Amino acid sequence: MGFAAATQLSRGDESCLGGPELSGAAEAADYITERCLTDAPHGRVGLEIEAHCFDPNDPHRRPSWAEIGDVLRSLPALPGGSVVTVEPGGAVELSGPPLTGALAAIDAMAADQAVLRAAFADAGLGLVQLGADPLRPTERVNPGERYAAMEQFFAASHTGSAGAAMMTATASVQLNLDAGTRSGWADRVRLAHALGPTMVAISANSPLLAGEPSGWRSTRQRVWSRLDSARCGPVLGLDGTDPATDWARYALKAPVMLVHTPEAIPVSRYVPFAAWADGRVRLGGRRAGVKDLDYHLTTLFPPVRPRGWLEIRYLDCVDDTLWPALVFTLATLLDDAVAADSAADAVAPVATAWDVAARIGLADPRLHAAAERCVGLAADRAPECLRDGMDRLAGMVERGRCPADDVTEEVARVGTTAMVTRLARRQL
């Protein structure tokens, strides 16, 4: 599937009856390596931004599937071309088309956000951009078959609470970037991973979950880290020189989550996809087919996922004064060759410090130094239209602060309910 189509892929249930049978894990590996990255110049940027849906008159209440559906049915055409989907807990996501350069993607997303917010405001609802729901207990409102089966899978794999939080209480800003030319894949994928901890520390915006302080700056990242590392951990192999093979190896070792028969059935035991493909295990009464493999790949959630392009999934959702600057920073560090070389040197000492970044953010001196260098590289290249956001981001980083620090201070002053109410009412 092309970058444009899949960037806008709806997350509804999809028909997935096996298709042509795979001869074994070797064929599955070849299928993955041939398709996971596209050899072409880079430069396009696609954005996906989630926001929690709240009722500002009763912020402890989770708006229903029917309420959200009524709003979406009233939406006019979105000027930037985004597609709207609804996450299991009722968070609303805009998935924009790939456009040339970060600025075009930012402008299109901002235009679509304005229309979306106005529609929700007309219904008396607000969209809150935080990395995790700070107030409400986890609860699924999306009735999709896929999500019901995922709940059962996480419960069977003893990660039920983390799985529920991941599905219903987290929100992110996601970048989709072209993979670039084949000769540069290894460096590009390696840098996308290495930037992760630094960017997690910069964007951390989720110090609370379900009404309680978590002790982490990015509780969203903490939640993802508590899930099976075979499904949600970084993809890179020992040296990162062959990202396509690394991804194939990762995908074949990852356990199968769901099987379509045609309804989605959770797999309650640990079955690596390779075992199904080789016929050592039969699921749904059959060996694995090509469509089963395609679907399996959609159930893997590493921080950098190859889908023909690079899907970068590690930024907390932040407000409108910051997300354009974050997007520009990360796209610049990966797409500008000179900035990329400097960024690779800057983040090398903290390239695997995922938990430290999520827990204490820029209070870690090494992450602070890497963040200052990376934001400085982007700020030097930022256009005037992003100057206010870049100045705010640079100022926060210079002081060793992340958005979570502002959230924590406001909650200490007025309480979580008042903070959420303010954020939800901001657009009314």
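Biologist: How many bridges join strand β2 (residues 83-86) to β3?
Modeller: This is a predicted model, in which local features need pLDDT of at least 70 and side-chain atom pairs count only at pLDDT 80 or more, while totals for chains, interfaces and linings use all residues. Residues are numbered from 1 along each chain as its sequence is written, and side-chain values use heavy atoms, with hydrogens and water left out. Strands here are DSSP runs (E, at least two residues) and helices are runs of H or I (at least four), numbered from the N terminus, and two strands pair if DSSP finds at least two bridges between them. Strands β2 and β3 run antiparallel, and the number of bridges joining them is 4.

Biologist: Which elements give two or more residues to the lining of the largest cavity?
Modeller: A cavity is a set of points on a 1 Å grid over the protein atoms alone where a 1.4 Å probe fits but cannot get out, and its lining residues have an atom within 4 Å of a point. The largest cavity holds about 80 Å³, a volume being the space filled by probe spheres set on the points, which are joined across faces, edges and corners. Its lining includes Ile 49, Val 92, Leu 116 and Arg 117, and the elements that give two or more residues are β1 (44-54), β3 (92-95) and α4 (102-122).

Biologist: How many nonpolar residues are in the lining of the second largest cavity?
Modeller: This cavity has a volume of about 60 Å³, and α7 (185-203), α10 (243-253) and β11 (304-306) each supply at least two of its lining residues. Among the lining residues are Leu 37, His 193, Asp 246 and Leu 310. Ala, Val, Leu, Ile, Met, Phe, Trp, Tyr, Cys and Pro count as nonpolar, Asp, Glu, Lys and Arg as charged, and the others, Gly among them, as polar. By class, the lining has 1 polar residue, 1 charged residue and a nonpolar count of 8.

Biologist: Which residue meets Arg 117 in a salt bridge?
Modeller: A salt bridge is a side-chain nitrogen of Lys or Arg within 4 Å of a carboxyl oxygen of Asp or Glu, and the partner of Arg 117 lies at 2.6 Å, N to O. Arg 117 is in helix α4 and its partner is in the loop between β12 (309-316) and α13 (323-335), so the pair ties together parts that are 203 residues apart in sequence. Arg 117, at 16% relative accessibility, counts as buried (under 20%, with exposed over 50% and partly exposed in between, for a 1.4 Å probe and protein chains only). The partner, which counts as partly exposed at 33%, is Asp 320.

Biologist: Is Asp 178 buried or exposed?
Modeller: The side chain of Asp 178 meets that of Arg 44 in a salt bridge of 2.9 Å, N to O. Asp 178 belongs to strand β6 (residues 172-178) and Arg 44 to strand β1, so the pair ties together parts that are 134 residues apart in sequence. Arg 44 is partly exposed at 34% relative accessibility, whereas Asp 178, at 8%, counts as buried.

Notes. On a 1 Å grid over the protein atoms alone, a cavity is a set of points where a 1.4 Å probe fits but cannot get out, and a pocket is an open set with protein on both sides within 12 Å along at least five of seven lines; lining residues have an atom within 4 Å of a point.
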